[in-house]
Amino acid sequence: MKICILASGSKGNCIYVAGGGTALLIDAGLSARETLQRLALARIDPQEIRSILFTHDHSDHRKGARVLSKRLEAQLYANDATAAGIELCDPALHSGFNIFDSCSPFEIADLRIEPFPVPHDAGDPVGFVIDDGRTRIGVVTDIGQATELSKEKLHNCDLVVLESNHDVELLRQSGRPWSLIQRIEGRCGHLSNDEAAEIITDSASGRWRKIVLAHLSEDCNSSALASSTAVAALERIRLGSIPVRVASQHIVSKIITI
Ligand SMILES: [Zn+2]
Ligand SMILES: [Zn+2]
């Protein structure tokens, strides 16, 4: 399978995943123009993308949905609450959604998609495991706490994209309004570096071949802090050889083949 993180963070999220002759995007949080530019930078043919899956309806995950789905002639996939939330914000959306159940796997061509619920302050947010029959990619961002279900889902993956949003101390010293700090730190907010380390400690397996840390806060985190926390967690469970990468808000990742 192939994966490319086109953008990750509070200004926009979009991940390309391809396998078994099928290509899709997880979220459409960049403008259509920016998404197409970034696909070109990654040398990905946009014509191959026929589906867009949505994790939840926050604007950093759906603001390019209408124009991008039209340009790509892509099918949209979301659960009921996310579809309703996106349609409410963007009534001019040209096509309807393929509705999935948050707990029921479904197929898009040769890819099996396993959504699963995560705690976050949106309608019915989900993470995904994408499986081509041989390789499994897990994507979990915008999750307020390290849940047993997310640990279980990630355990049998080959590649994991995991939120590592903030350093708790930097967040508390950020000068942001206390209500916002509480929202981010809360059970339905975002995952701290330490909470990401907890997921890694409890769910990493010998099957993991790479971790991509994602949705980093630009003000309250750094690549060095996030990756050193994850590496330390891996070393504690003697899996320190698993490479850790950090996804960027501004720079398209390399295409990772797994
Ligand atoms: Zn987000
Ligand atoms: Zn969100």
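Two strands pair if DSSP finds at least two bridges between them. I kept that cut-off at hand while going through this predicted model.

**Entry 1: the strand 10 and strand 11 pair**

I looked up strand 10 (residues 136-140) against strand 11 (residues 159-163). They pair in the parallel sense, over 4 bridges. With at least two bridges needed, the 4 found here qualify them as a pair. Which residue of strand 11 is the bridge partner of I137? I found L159.

I counted 7 strands in an open sheet, ordered 7-8-9-10-11-12-13, with mixed pairing. Strand 7 (106-108) and strand 13 (244-246) are the edge strands, and each pairs on one side only.

Helix 5 (residues 148-155) does, touching strand 8 (111-117), strand 9 (126-131), strand 10 and strand 11. I read about 155° between the direction of helix 5 and that of strand 10.

**Entry 2: helix 1 on helix 3**

I took the angle and the axis distance for this helix pair. Helix 1 (residues 32-41) and helix 3 (residues 65-72) pack at about 50°, and their axes are 8 Å apart. That angle makes helix 1 oblique to helix 3. On the helix 1 side I listed A32, T35 and L36; they meet V67, L68 and R71 in helix 3. I sorted the residues of this contact into 4 nonpolar, 1 polar and 1 charged.

**Entry 3: L216**

I picked a loop residue. L216 lies between strand 12 (210-214) and helix 9 (223-236). Is L216 buried or exposed? The cut-off for buried is 20 or more other C-beta atoms within 10 Å. L216 has 28 C-beta neighbours inside 10 Å, so I logged L216 as buried.

What does L216 touch, leaving out residues up to four places away in sequence? I listed G9, S164, N165, N221, A226 and V246. I looked at G9 separately. L216 and G9 are 207 residues apart in sequence, yet 5.7 Å apart in space, C-alpha to C-alpha.

Beyond residues up to four places away in sequence, V17 touches M1, I3, L24, I26, I130 and I137.

Definitions and conventions
Residues numbered from 1 in each chain as written. Chains lettered and ligands numbered in written order. Predicted model: local features only at pLDDT ≥ 70, side-chain atom pairs only at ≥ 80, totals over all residues. Axes fitted to C-alpha atoms, helices over the stretch in contact; angles between N-to-C directions. Helix = DSSP H or I, 4+ residues; strand = E, 2+ residues; numbered from the N terminus. Parallel < 35°, antiparallel > 145°, perpendicular 65-115°, else oblique. Contact = placed C-beta atoms within 7 Å. Nonpolar A, V, L, I, M, F, W, Y, C, P; charged D, E, K, R; others polar. Buried ≥ 20, exposed ≤ 12 C-beta atoms within 10 Å, placed from the backbone.
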